[in-house]
Amino acid sequence: MVVALQLCGLLIVGAVLLQAGVAVMTDVGHAFRRRQLDRRRLAAFSAQTDVLMQRAEVSRDRAKLTWSGKRKFRVVRRRIENRAKDICSFYLEPHDGGALPPFQPGQFLTFEINLPDHPVPIVRCYSLSDSPLVRDRYRVSIRRMGPPPKASPDVPAGISSSYFHDSLREGDILDVRAPAGGFCLDTASERPAVLIAGGIGLTPVLSMFKWLADSGSRRTAWFFLAVRNGNDIALRDEIEEAASKNRQQFHTVTLYSDPTEQCIEGKDFDCKGFVSIDVLKRYLVSSNYEFYICGPPPMEATVKALLGWGVPESDVHFEAFGPGSVKKVQKPETEVAGAGCRVELTRSGRSLTWTKEIGTLLELAEANGIRINSGCRAGNCGTCITAVKQGNVSYLVKPASAPAPGSALLCIAHPIGDLVLDA
């Protein structure tokens, strides 16, 4: 009887101790999880602080190191980037040996090119194709542009691209303006991004992708590249290198519109065709992305399809390359330009009549023998900026950088009523 009572007491004590132990272990578990959560919060806060400090440093350096007007740059390296040999990268270092301002992923450089048989310099814009975190030099990758399709035999190839490919050598000096442009990746955003490039539209989009990789971004990113075939594709090794830095978050899709017999689907490219909304829906789980698109004017169809898919217009960023892009990607004008507007050019002492069929204000001036300095003819470089003395203009496309009040970019502008220009 006594032994039984002792055993019963031991069992009761054991149960109490076990319950206490469980409570202690539970408390320890809660404390451990809280500590883990605190550590994760601290790590996230620390990472966010680092990003903010880095962003502030970049902004400070950009303001401190940027330049106005032209700056001399030396070509330190040339490199052919594709099997067709029509895309060449040019690596540029400042001739004065000074530091370079950081640029935003997606921006371009503006070149002023002096050619012997041209009375005035040619101005052209080319996108920066390398990571913005490379701070000791700049790089542009330029495709040699042939004559327009179906052009007559006497129409020459692209003047500036031919100059870069045929005449420019390592050690040569170029006049360059500071990085500019509004087609830029939102580096402050943490939302997933879709980067879409067609042909040489690869260059600004690759810069965006490389920034995501080199900055250690944890954003999900899809990179869609559409080219004709394996002869055309350029900088593929850099695309793969960037993607390899975060295989869980970074994804690439390559499309060939006209693959050769040597191009193997599933190995050299992922699917045949162009970047369409059906292709995007095949790979993306939803439309909840920020979209950055650069390519030839027909890629505007992708923009329209994305809007039809329910993507907000504020999440779709599009840049069409080349002067031919202006008329083909025009947006509906909020104000209708009047027919038969009078445009007075005070410096030239001319009064002209503008109609919509004529085109832009720059084209109006040129059609009447009035020379106005211009470059990209797409609202990017700012060369054609002109003071507006009286009246207002509307734009066919959104300018890369909004001109100051009282000024207009004539290469993409229409008048709204009668207009007086300081030209």
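The model is a predicted one, in which local features need pLDDT of at least 70 and side-chain atom pairs count only at pLDDT 80 or more, while totals for chains, interfaces and linings use all residues. Residues are numbered from 1 along each chain as its sequence is written, and side-chain values use heavy atoms, with hydrogens and water left out.

The chain comprises eight helices and 17 strands, these being DSSP runs numbered from the N terminus (helices: H or I, at least four residues; strands: E, at least two). Of its 423 residues, 43% count as buried. Among contacts between residues at least 6 apart in sequence, 66% join residues at least 24 apart, a contact being heavy atoms within 4.5 Å.

Strand β7 spans residues 193–198, and six of its six residues are buried. It pairs in the parallel sense with strand β8 (residues 221–227) over six bridges, pairing being assigned if DSSP finds at least two bridges between two strands. Within this pairing, G198 has A226 of β8 as its bridge partner. Strand β7 is also joined to strand β11 (residues 290–295), with which it runs parallel, by five bridges, and here I196 stands opposite I293.

Together, β7, α3 and β8 form a right-handed β-α-β unit; a crossover is right-handed if, with the strands pointing away from the viewer, the path from the first strand over the helix to the second runs clockwise. Helix α3 (residues 202–214) has 13 residues and should span 18 Å at 1.5 Å a residue, which agrees with the 18 Å between its end C-alpha atoms, the expected span being 1.5 Å times one less than the number of residues. Of the 13 residues of α3, 12 are buried, including L206, F209, K210 and W211. The helix is followed by G216, whose phi is positive, near 75 degrees.

Residue E290 is found in strand β11 and is buried, with a relative accessible area of 7%. Its side chain is joined to that of R219 by a polar contact of 3.1 Å, defined as a pair of N or O atoms within 3.5 Å of which, within protein, one must be able to donate a hydrogen and the other to accept it, residues adjacent in sequence counting only if both atoms are side-chain atoms. With residues up to four places away in sequence not counted, E290 touches residues that include R219, D186, R191 and D315, as well as A193 and V194.

A further six strands make an open sheet of order β4-β3-β6-β1-β2-β5 with antiparallel pairing. Its edge strands are β4 (122–127) and β5 (138–143), each of which pairs on one side only. Within this sheet, strand β1 (residues 71–80) is joined to the antiparallel strand β6 (residues 173–180) by four bridges, and F73 has L174 of β6 as its bridge partner.

Two residues other than glycine have a positive phi near 60 degrees, namely K85 and L235. Residue K85 is placed in the loop between β1 and β2 (87–94) and counts as exposed, at 60% relative accessibility. Residue L235 lies in the loop between β8 and α4 (236–244) and is buried, with a relative accessible area of 2%.

How values were computed:
Buried means under 20% relative accessible area, exposed over 50%, partly exposed in between (1.4 Å probe, protein chains only).
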